[in-house]
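Subject: Structure handover

Hello,

Here is the structure I promised you. Please open it and keep it beside this email while you read.

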Amino acid sequence: MDQHRITPLTESGLLAALLVVLAMTAVYMPVVGMIATMLWPLPVIVLVVRHGLRQGVLGVIVAGVIMALLIEPVTAVNMVLSFGPTGLAIGYGFHRQWRGEAVFGAGLGASIAGKLLVMGLLFVLSGVNPFTGHMDVVQQTFEETFAMYEEIGVSEEDIAQARSQMEMGMQAVSMLLPLIIVIMGLLDTVVSYLVGQRVLRRLGLPVSEMPPFSEWKLPRGIVLLTGFALVGLYWGHSRDIQLLYELSVNLIVFTMMAGAVQGFSLLSALMQHFRLSGFVRALIYVLVILNGVFVQIVALTGLFDMLFDYRRRFRSRG
């Protein structure tokens, strides 16, 4: 009986130590550190699946305290809040044997919420707007680069043209920062979900599977978001409501990305229906991805597929 009480505690300690090692790798090893950062939620997932959510939360807290002592408190808070919720949510979903799409959705929501929480704490503690602070640093770097160009004799026309392009790019990036946060959360969730699945299988633990890519169907509400975004674009531009306009731009890009995912899923189902070889499928994917017009067509088709479910119509026709 004593051994059964000690084993979860010992394993929790080992996994918490692994979290600290991954955090130190992320801080002190630039190239490998990127991989370590993406894999940080993995021990949390294993801990929650094997011993429950309570042990997972305690493991994250212990790891955060040790990281604050060995590295620095700011880095510890950033790692714990940015990646801890992702591992806890995915691990809890696997532990409760949810469906694969439910586990992925919970991880995505937790990842985005964690990153927003980090930005909120940064604003409260330092008074720096996280959406503009990073852009100010980037702009200052560009200004120093332009000053160096002037010293080495680059013409003023070329510098002015480069400055204009930089300002346009900065404006676009600044407008799409909320979407960038969503994409960052999506990337973290994809890596954590896929790698977590493989590790849990190796450990002999049951994991829920995502449906095949050819059967993916996103919610119809995304089409409604597209309609709201189009109306918001018109009102924001015509009535000079900048916040509404920027929010609508982010929604439009997000819904088009979702439509592209649904469209490629439909394309995969069609190629599977006509029994195309793997080489031909890969070639079609490459040709579509490399052509912006084709990608937009696929995205629009995906949005229509959310409403009309073309795959069901194909199956009904035999």
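A residue counts as exposed when its relative accessible area is over 50%, and as buried when that area is under 20%. Keep in mind that this is a predicted model.

Start with helix α2, residues 30-38. V31, M34 and I35 are exposed on one side of α2. G33, A36 and T37 are buried. Those three cover an arc of only 100° around the axis, so they sit on the same side of α2. The exposed residues lie on the other side.

The crossing of α9 past α11 is right-handed. Which residues of α9 and α11 meet? From α9 come L177, P178, L179, V182 and I183. From α11 come N250, V253, F254 and M257. Of the residues in this contact, eight are nonpolar, one is polar and none is charged.

Last, the aromatic rings. Rings of Phe, Tyr and Trp pair if their centres lie within 6.5 Å. By that rule there are seven aromatic pairs. Take Y92 and W98: their ring centres are 5.5 Å apart and their planes stand at 85°, so this pair is edge-to-face. Y92 has 29% relative accessibility, so it counts as partly exposed. W98 is also partly exposed, because its value is 33%. Elsewhere in the list, F94, F104 and Y193 are linked into a cluster by ring pairs.

Best wishes

Note on methods. Residues are numbered from 1 along each chain as its sequence is written. This is a predicted model: local features need pLDDT of at least 70, side-chain atom pairs count only at pLDDT 80 or more; totals for chains, interfaces and linings use all residues. Side-chain values use heavy atoms; hydrogens and water are left out. Buried means under 20% relative accessible area, exposed over 50%, partly exposed in between (1.4 Å probe, protein chains only). Helices (H or I, at least four residues) and strands (E, at least two) are DSSP runs, numbered from the N terminus. The arc is that of the directions from the helix axis to the C-beta atoms. A crossing is left-handed if the near helix is turned anticlockwise from the far one by less than a right angle, and right-handed if clockwise. Contact means heavy atoms within 4.5 Å. Ala, Val, Leu, Ile, Met, Phe, Trp, Tyr, Cys and Pro count as nonpolar, Asp, Glu, Lys and Arg as charged, and the others, Gly among them, as polar. Rings of Phe, Tyr and Trp (its six-membered ring) pair if their centres lie within 6.5 Å; planes under 30 degrees apart count as stacked, over 60 as edge-to-face and the rest as tilted.
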